[in-house]
Amino acid sequence: MSAATLLTPASTSAPEARPGGLVARADERSYVRVLVVLDTTILIIALLVGYVARFGDEQPSGSKIPYVLVAPGLVLAWLISLKALGCYDDRVIGYGADEYRRVSSASLRLAGAIAIAGYIADVGVSRGFLGISFAVGTVGLEVARFAARKRLHRARSRGAGWSRKVLVVGDTAHVLELVHTLRREPYAGYQVVGACIPDALLAPVAQRLGDVPVVGSFRGIPEAATAIGADTVAVTASGELTAARLRRLGWQLEGTGVDLVVAPALTDVAGPRIHTRPVAGLPLIHVEAPEFRGARKLVKGFVDRSVSSLALALLLPLIVFIALAIKVDSRGPVLFRQVRVGRGGQEFGVFKFRTMVVDADTLLAELTTRNETDGLMFKMRDDPRVTRVGRLLRKWSLDELPQLANVLLGQMSLVGPRPPLPSEVARYDGDVARRLLVKPGMTGLWQVSGRSDLSWEDGIRLDLYYVENWSLAADLTILWKTFGAVVNSRGAY
């Protein structure tokens, strides 16, 4: 079936102009105002903490400028620094790690500038006061941004909150792919409201591409965006969208308040691996090869072993308590050791707390028809083989705590793809086998994105994305999100 057959007739009435773009812009400005108020409040608190921590009940002395003027001036300079580094830019707020990096960079740069200026001018402002204030303020700003973002994400997931109204332009197949990608993560804030397709596919009557209304062809993209109230035009691949036509579209959108974004025909390649290099007037996109060895891998291994050894020491009382509970609840060993496949196809024994009855493997054949997931894995929400204590352990992912020993032995990593069974690996094709290029992890993108609620295809896609685009910063983000996934028990059964 061709992509064109996915086009279905819709209402014959022309799309009416909607104020969606204006509403989105108003919501965006409202969100930015909230951020400014939050940032100002955090900075005032940080300066008060710095003052009290440094001076307490004492009267500060030695400063040529009274602190009653230093504090407001510092708050204003800090807000200007945040603004100058784009911390209120709608292209970075609300999604991605760039917002946090810019906030930290703005704070550190201002701290450095004030330190240099204070040394040169010898104004006598306490370095202890400045150091404490900047430390508390930087952490506070990051925490406030995180809290504001989580509230925004929850609103976006409900279909509310500030989101961009997107008009997707391209061939039908690429439009459908981009729509699916954007809808997969609604908290990113891109709401598709219409599509423009090539002239040859446009019918005399109104059409829909899936559930997305087709509002025009490539000849009237600016008019279509205005008609449906879009504030963003997202251009994906199409043979008819030449460089000259795309450049002309950019000129047509100038001054309209509608942003133009281009989605290259690259999937599952993260930003750090993409570099734009102008060559002969062409913005060529250079994709770096994924890194599977080197200094960063050594650092990752050191962090894995350090954190796992510390975690084992701190969690020892909990581990002993769980072991006793398992022993009392049902007969059989406390630990369950299962052969899994690690990096390079090497097999190892993964440790877990036993959550099933001792003859669980023999009972599996009787339950195969009740498998609730696709692909190569077996998952069942109400698995009769799971013990009473086992259900609690699985709900809070406590059954995986013994895998810290696997991390300490170098067989696993804290973050990585799910460790597969040999029977699964035997049926891997060439693409899926790339999961074995890195160590499997206790947690990963699959863990923080729904775990057992994910389809086999989505789980593999996330694992391969991690393999190709891993970084230490991404690992820290996944570890942080794991706590939320565990507390909310998302996809755990």
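Confidence comes first: the chain has an average pLDDT (the predictor's confidence in each residue, from 0 to 100) of 81, and 80% of the residues reach at least 70. This is a predicted model, where local features need pLDDT of at least 70, side-chain atom pairs count only at pLDDT 80 or more, and totals for chains, interfaces and linings use all residues. Residues are numbered from 1 along each chain as its sequence is written, and side-chain values use heavy atoms, with hydrogens and water left out.

Where pLDDT is low, the predicted coordinates should not be read in detail.

Further along, look at strand β6 (residues 232–235) and strand β7 (residues 259–262): they run parallel, joined by four bridges. Strands count as paired if DSSP finds at least two bridges between them. Valine 233, for one, has leucine 260 of β7 as its bridge partner.

Next, find helix α8 (residues 295–314) and helix α9 (residues 316–329), whose axes come within 4 Å and cross at roughly 60°. The residues in contact are Leu312, Ala313 and Leu314 from α8, and Leu316, Pro317 and Ile319 from α9. Sorted by class, that contact has six nonpolar residues, no polar ones and no charged ones.

How values were computed
Helix = DSSP H or I, 4+ residues; strand = E, 2+ residues; numbered from the N terminus. Axes fitted to C-alpha atoms, helices over the stretch in contact; angles between N-to-C directions. Contact = heavy atoms within 4.5 Å. Nonpolar A, V, L, I, M, F, W, Y, C, P; charged D, E, K, R; others polar.
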